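I opened a new model today and kept notes as I went. The entries follow the order in which I looked things up.

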Amino acid sequence: MSGKRARRWPWVLLALVVVLIGGWLMLRVPDISVAELRAKYASPTSQFVEVLPGLTVHLRDEGPRGAPVLVLLHGSNASLHTWEPWVARLKDSYRIVSLDLPAHGLTGPDPQRDYSTVKSARIVAAVADHLRLGRFVLAGNSMGGGIAARFAVTYPDRLNGLVLVDAGGQPTPGERDTPLVLRIAQIPVVRDVVAGITPRWLVANGLQGAVSVKSVLTEAAVDRYWELLRYPGNRQATLDRFGQGYGSVSPAELAGVKTPTLILWGREDRFIPVSSAGWYAQHLPNARTVIYDRVGHLPMEETPDVSARDVRAFMASLQPAGRIDAR
């Protein structure tokens, strides 16, 4: 490199840095205050409960007390709102508890930055203890399904039933369409920049890939995902979660789960292939499977009437054997 070029290079580098910083400052999306988010997304049934030291969880406890209990766990980057279609259809007959897992919704980050399925299952147990639930049916979608499977392995005596909805947890789920937001999160420098920018289109892109029934992607739904991601600390916590990876359950562990299990899956799921439903069915000794045609990753939203009906029938099937124990 000539002397003239060598002298010019620092100025070019400085200009590039200035442009990048300026672009980041113009494009970055700030956090939204906790008070503002609670005012918009909490409901009259919302509770904020410290279930473990320093960890306050947002939950909703709906339906008649004394009825069989259904606990609902959402997927990655979702919130308890994803279960509203089921809650509306089932709360006449069941006590339904939904919660925002750490780093999601109105719960915020885990102070210990531990997002493993083992820790998440422990949090679910702590919520159940706080609410004095006794035995219950546990349902989980996607990441929440993997946590539900881990809970069934760790706390089998606490469950009357298990519902896996397009669940994570299989060690090698085969071909899958990784959302753009997840691919970006795996690029060290880029992910830190995007954590500050987090454009709405990026969230919308991920949701488009998640569902086959596009009518569920209303403007309000996209706004909710985008805004709750901007709960203070949630974006950095999301990077922590992705960095830790998703926990899995082994066939040997599932073989020991005697809990009656209902497996629900969208045939067109691009995130976790329908073959994973077969994997779970193969290794769980007391499971039945329902596959929904023309449905993607979120059956509880994409086909709420049919999927809620299947859950109601499953819950009813547990009662004659005296397996329901709600306090």
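Entry 1. I began with Thr 238 and found it in helix H10, which covers residues 234-244. This is a predicted model, and I read every entry below with that in mind. Is Thr 238 buried or exposed? Its relative accessibility is 7%, so Thr 238 counts as buried, the cut-off being under 20%. Setting aside residues up to four places away in sequence, I listed Asn 77 and Leu 229 as what Thr 238 touches.

Entry 2. I noted the buried ones as Ala 221, Val 222, Arg 224, Tyr 225, Trp 226, Glu 227, Leu 228 and Leu 229. Which helices do they pack against? I found helix H2 (34-41), helix H8 (200-210), H10 and helix H13 (299-302).

Entry 3. I took the pair H8 and H9 next. Their axes are 9 Å apart, and the helices pack at an angle of about 115°. I recorded the crossing of H8 and H9 as right-handed. On the H8 side the contact is made by Arg 200, Val 203, Ala 204 and Leu 207. On the H9 side I wrote down Glu 219, Val 222, Asp 223, Tyr 225, Trp 226 and Leu 229.

Entry 4. I then turned to the sheet. In what order do its eight strands run? I read E1-E2-E4-E3-E5-E6-E7-E8, an open sheet with mixed pairing. Strand E1 (46-52) and strand E8 (287-292) are the edge strands, each pairing on one side only. From one strand to the next the twist averages 20°.

Entry 5. I looked inside the sheet at strand E3 (residues 69-73) and strand E4 (residues 95-99), which run parallel and are joined by five bridges. Val 71 stands opposite Val 97 of E4. Helix H4 (residues 117-131) packs on the sheet, where I found it touching E1, strand E2 (55-62), E3, E4 and strand E5 (136-142). The direction of H4 makes about 115° with that of E1. Helix H5 (residues 143-154) lies across E3, E5 and strand E6 (159-167), and runs at about 140° to E5.

Entry 6. I checked the largest nonpolar core, which has 80 residues. Which of them touch the most other members? They are Trp 86 and Tyr 280. Helix H4 gives the most to this core, with eight residues. Beyond four places in sequence, the residues that Trp 86 touches include Leu 72, Ile 96, Ala 139, Val 163, Leu 264, Met 300 and Val 311. I also found a second, separate core of six residues, among them Ile 32, Leu 37, Leu 106 and Tyr 231.

Entry 7. I picked Ile 263 in strand E7 (residues 261-266). Its relative accessible area is 0%, so Ile 263 is buried. Leaving out neighbours within four places, I listed contacts of Ile 263 that include Leu 164, Tyr 280, Arg 288 and Val 290. Ile 263 and Val 311 are 48 residues apart in sequence, and I noted 10.0 Å between their C-alpha atoms.

Entry 8. I finished with confidence. The chain averages a pLDDT of 87, and 81% of the residues score at least 70. Over residues 12-26 pLDDT stays under 50, and there the model has three contacts beyond four places in sequence. Residues 321-327 also stay under 50, with 23 such contacts in the model.

Definitions and conventions. Residues are numbered from 1 along each chain as its sequence is written. This is a predicted model: local features need pLDDT of at least 70, side-chain atom pairs count only at pLDDT 80 or more; totals for chains, interfaces and linings use all residues. Side-chain values use heavy atoms; hydrogens and water are left out. pLDDT is the predictor's confidence in each residue, from 0 to 100. Contact means heavy atoms within 4.5 Å. Helices (H or I, at least four residues) and strands (E, at least two) are DSSP runs, numbered from the N terminus. Buried means under 20% relative accessible area, exposed over 50%, partly exposed in between (1.4 Å probe, protein chains only). Two strands pair if DSSP finds at least two bridges between them. Axes are lines fitted to C-alpha atoms, for helices over the stretch in contact, and angles run from 0 to 180 degrees between N-to-C directions. A nonpolar core is a set of buried Ala, Val, Leu, Ile, Met, Phe, Trp, Tyr and Cys residues joined through side-chain atoms within 4.5 Å. A crossing is left-handed if the near helix is turned anticlockwise from the far one by less than a right angle, and right-handed if clockwise.
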